[in-house]
Amino acid sequence: MGPTMDDQIFKITKDKERARDLIVMAEERLEDIPSSSKDKPYKIIEEYYEIIKELLTAVMYLDGYKTLSHKKLIEYFGNNYALLDDYQLKIIDTLRKFRNDIVYYGKKISIDFLVNNEEDIKKIISILLKITQKNLKK
């Protein structure tokens, strides 16, 4: 039996400063994506995942939690916020898996995934930006 959710998600003091920094970084990454090269879709996939990961991490910091597990990060959001449906959460998890394949195994992901899912990915990022901005103001 692997570690339970409680072992991988830690209660921390809410950290608005850190959350704000992550949000800014995610926004900067997002601005840079159009200039990313379409002939290297793996770079764009990697960036989209990093943006989503930073925003999910910001949400957790604002809630007073942290985790080192990317899987638990996605799970936490799915369990605590009814803003993304199962399909959207699955896209995030697919991005996570692709990013691991890219970073750890040097796999080049085909452009098909991007062509078929980029609109959904942008929608997910937009939803996450809205909730992080809202939670930052609390």
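Reader: How many of the 23 residues of H3 are buried?
Author: This is a predicted model, so take what follows as computed from it. Buried here means under 20% relative accessible area. By that cut-off H3 is mostly covered, and the buried count is 19 of its 23 residues.

Reader: Is Glu50 buried or exposed?
Author: Glu50 sits in H3. Its relative accessibility is 10%, and the cut-off for buried is under 20%. So Glu50 counts as buried.

Reader: Which residue's side chain does Glu50 join in a polar contact of 2.9 Å?
Author: Leaving out residues up to four places away in sequence, Glu50 touches Arg29 and Arg99. The 2.9 Å polar contact runs from the side chain of Glu50 to that of Arg99.

Reader: Which residue follows H3, with a positive phi?
Author: H3 ends at residue 63. Next comes a residue with phi near 90°, and that residue is Gly64.

Reader: Which element gives the largest share of the lining of the largest pocket?
Author: The pocket holds about 180 Å³ of space and has 13 lining residues, with Lys53 and Thr57 among those nearest its centre. H3, strand E2 (65-67) and helix H4 (70-80) each supply at least two of the lining residues. The largest share, 5 residues, comes from H3.

Note on methods. Residues are numbered from 1 along each chain as its sequence is written. This is a predicted model: local features need pLDDT of at least 70, side-chain atom pairs count only at pLDDT 80 or more; totals for chains, interfaces and linings use all residues. Side-chain values use heavy atoms; hydrogens and water are left out. Helices (H or I, at least four residues) and strands (E, at least two) are DSSP runs, numbered from the N terminus. Buried means under 20% relative accessible area, exposed over 50%, partly exposed in between (1.4 Å probe, protein chains only). A polar contact is a pair of N or O atoms within 3.5 Å; within protein, one must be able to donate a hydrogen and the other to accept it, and residues adjacent in sequence count only if both atoms are side-chain atoms. Contact means heavy atoms within 4.5 Å. On a 1 Å grid over the protein atoms alone, a cavity is a set of points where a 1.4 Å probe fits but cannot get out, and a pocket is an open set with protein on both sides within 12 Å along at least five of seven lines; lining residues have an atom within 4 Å of a point. Grid points are joined across faces, edges and corners, and a volume is the space filled by probe spheres set on the points.
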